[in-house]
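Student: Could you take me through one part of this model up close? I'd like to look at where two chains meet.

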Amino acid sequence: MKHPITLTINGHRHEVEVEPRRTLADVIREECRLTGTHVGCEHGVCGACTVIVDGDPVRACLVFAVQAEGAQIRTVEGLAQGSQLHPLQQAFMDHHALQCGFCTPGFLMLSTALLERPDPPSDAELQEALSSNLCRCTGYKNIVLAVRAASKAMHATSGAA
Amino acid sequence: MSAAIAAAGETPVVDRPTEAPVAVPGTTAPHNDRPDPFGQSVTRLEDLPLVRGQGRFAADLSFPHQLHMRMVRSPVAHARLLGVDASEALAMRGVVAVWTAQDVVGIPCIPLREGPSVELDPYLQPILARDRVRYVGDPVAAVFATDPFIAEDAAERVSLDLESLPVLTDATAALGEFAPGLPTQPTTIRKGYGDIEAAFAKAACTVELELATGRHSGVPLETRGAIGRYDAARDVLELHGAAKVPHRNRDALARMLGRSPHAIHLFELHVGGGFGVRGEIYPEDVLVLLAAMRLERPVKWIEDRYEALMTTNQSREQVHRVRAAVAADGFVLAMDDEFFHDQGAYVRTHGDRVADMTAGILPGGYVLPAYRVTGHYRLTNKTPAATYRAPGRFESSFVRERLFDAIAQRMGIDPIELRRRNLIRPEQMPFPRGIETIEDNIVFDSGDYPLLLQKTLDALDWPRLQADLQARRAQGEAVGVGLACFVEKSGLGPADGVRITVDFTGAVEVVTGGASVGQGFETVVAQICASTLGVDYRRVRVVHGRTDRIQYGVGAHAGRATVMTGSATHNAALRVRAKALDMAASMLGCAIEGLDIVDGRVIRRGDSGPGLALGDVASALAPTARARGEREPGLTAEGWYETPSMTYPYGVHVAVVRVDRDTGAARVERFFVGYDVGRAVNPMLVEGQIVGGVAQGIGGALLEEFAYDENGEPLAVTLADYLLPTLDDIPPVEVMITEDAPSPLNPLGIKGAGEAGINGVGAAIAAAIDDAIGQPGAVTRLPVTPVRLKALLRQRAG
Ligand code: FES
Ligand code: FES
């Protein structure tokens, strides 16, 4: 049995019909055709599917799409404003924080949620938060550098504003 | 601390022997206000779509009207397959077909990449199991349906009639039977040189060890995927989701399916990590192609994680019984090794190459006047094995360096000093190793191993590090340091070609048969092209992984992409440059010698005028352009690079490890890599490769293991059981890149770096754990899990 639901992703409404067993990750990718959200394990371990739901980072493979109705969902496709990259996207490029790029959307969304909190994360908080996603290519070093740099950039601008 | 080390937060610095600008041979010195991109840590061309979520990985690609494939796999490790009943599945709405071995009778087993082998061919894997299943996960049937969920549900309703057979899970145990008349050891590898018996007879001391490396593998974050599509209008069969060796695989698939290579094309999409396992031909690749033709619809298959951990190539599982003959001064006279290589259930595309490479590279960078090795290549009822990053080297470095640590301990010589006495000296280069592997007659092309060791010790301030650790141990901490020396190999030949074309806007296209597995291939090739030609690297588009654009290609494996494709790019760019200068000289009415190409413009040397845009030169060379005269049309050229032999970079790894005596957990506090790369095209990318490799090595040394129970049931089939390292497991990795020994074999002097980070990690961590717990020689097997480490600690207490 399929249910009609409406998902709000990056400010756009998507009206889709889904079976109750379909995960949010699956529906974002297959029904809404936003394939930037990746699936690495479907098991809640790798974090490649991380999206932001009502301000919090969420593993989209662990949520059913029907549960996300009415929520504000943000995915990697919504980070840049036109050709203007989000500071995290720029920092990931500048610090070589990606190789194959498969884990990147998950890390970007995880970090976005983290850096949108009022206070910049301490190094320990950053370390702990970023330890929840897997990357098989980079050894994490440059991901940490990138997020730290973006944190500085974002909190400097918001402080100045 | 030396300026050459990139610690956390710094951009990598290369320890270059001279201050001279790094100009590429055959071109002029870099232009002042725009530095030569060669040797610079420029940002990657690949990144933009990937950070925007616009990448296209296999699962992201769909074709209209496509079908979805789901495999039915063996639930047991070894059984006779008596029958398959698919009637219930076939009756389901949306199910289009279910195939078993009977439906693919004419299709041969997946062949060895390097050609047939009488010994190994009987052990190859069919695309669907015929009369036996040989590991948990062995594909038995394929279900095709209109929706992936329907396919999955239907696959569960296919029932198998199986009759149990004895299960073999230990490659050192008595031989079993692969099939009637075929024992589980298809081949034995033997190599060596020098007089072993004489060496042992005159040895002051002999040291003997049994050592084992665990079964682990690449485990890319993206699972495998393949989409087959048949375009009847053009009679072209397409495989999307190819990786690593698209051209070689096209040829093999063409043979298997009885098609001309012109009528089958492979397309690489974004690849979410390769590490040796992705891009081999697996049964599913052949099945989607066959189904696309027969069912006349595109067919998509995306592996799930459970399947990935059960069916994608595994690696590394070996047991070595090694002994050394040592002279009184610590000089190692001979090494004698017998090892057992666990190949798993079938011989796959690599054949016995991992075992062969293990045997070939085991002596490492030590002089070793005599060497003998016997490798038992054995089949078991586990997932088939093949290459994983630094195949044969991670394993052999563990064995060799453990042996050298044991010798040092036995002789009472400092382990560093022992290595110094045995390392090949620079004046002995090029050094013929005296052994062949399948691929090459091993000749170390260049290197100063003692120098790199010394630079590493200096960078770490070795005496001070030792004193610090001593002091901490005195306080009761279990902390120690371990070091490993190794020689890598890269640039496997024999030849690679590229085609470079400049269009009328001045944009440059490099078409290569190389492949990208996420390592920054496009950027590196663009840098080499830009540097040689005289353009901005961002104006260079690199086309790869498409068999329809270029006839030949070596792909990306065995550390060959930069060396082979890079050198071919250099050669092609030189030719384009010559053509451009020739045309421009006639357009500007001056001599070629007076011209240079800078930032995409042909200029007169010493003249600040605007010069001529390369795009205009390309226009003048168009087939229809009058200005062209008798010149060959097009600002385009092919370039080839052929190498007689591989190049051998080398490195030193140092690990500092702290052990928690209560939990048995080993934590790597610090990891240092000293590595000579010949010349670094992009130090930032080299460093990135190395740090990533170290992380994987730490996984293999401490966490990752494909364990099986005695029935051959795999115990690590989710990422909750198979533990990939997280940020929390990885220390700040320090990297020192040196350029003391450029390769004499290629025009750029480069050597590969893809495997530099992982090679010696197991060895260095093992030594550090020994040191931390004060039990020399304690670690004899990887991974050192908390359970194993607790057992070692108890041994001592007991
Ligand atoms: S796919 Fe969701 S956590 Fe891995
Ligand atoms: S960049 Fe490949 S998994 Fe992170």
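**Where chain B meets chain A**

Tutor: Here, 55 residues of chain B are in contact (heavy atoms within 4.5 Å) with 46 residues of chain A. This is a predicted model: local features need pLDDT of at least 70, side-chain atom pairs count only at pLDDT 80 or more, and totals for chains, interfaces and linings use all residues. Residues are numbered from 1 along each chain as its sequence is written, chains are lettered from A and ligands numbered from 1 in the order in which they are written, and side-chain values use heavy atoms, leaving out hydrogens and water.

Now for the area. Chain B and chain A bury about 4,100 Å² between them, 59% of it on carbon and sulfur atoms; buried area is the accessible area (1.4 Å probe) that two parts lose on being put together, summed over both. On the chain B side, V51(B), L221(B) and L727(B) lose the most area to chain A, together 20% of what that side buries.

E687(B) forms a salt bridge with K141(A), with the closest N and O atoms 2.9 Å apart. As for helices (DSSP runs of H or I, at least four residues, numbered from the N terminus), helix 1 (47-51), helix 3 (148-156) and helix 16 (683-703) of chain B each supply at least two residues of the side that touches chain A. Helix 16 of chain B gives the most, with nine residues.

Terms used
Salt bridge = Lys/Arg side-chain N within 4 Å of Asp/Glu carboxyl O.
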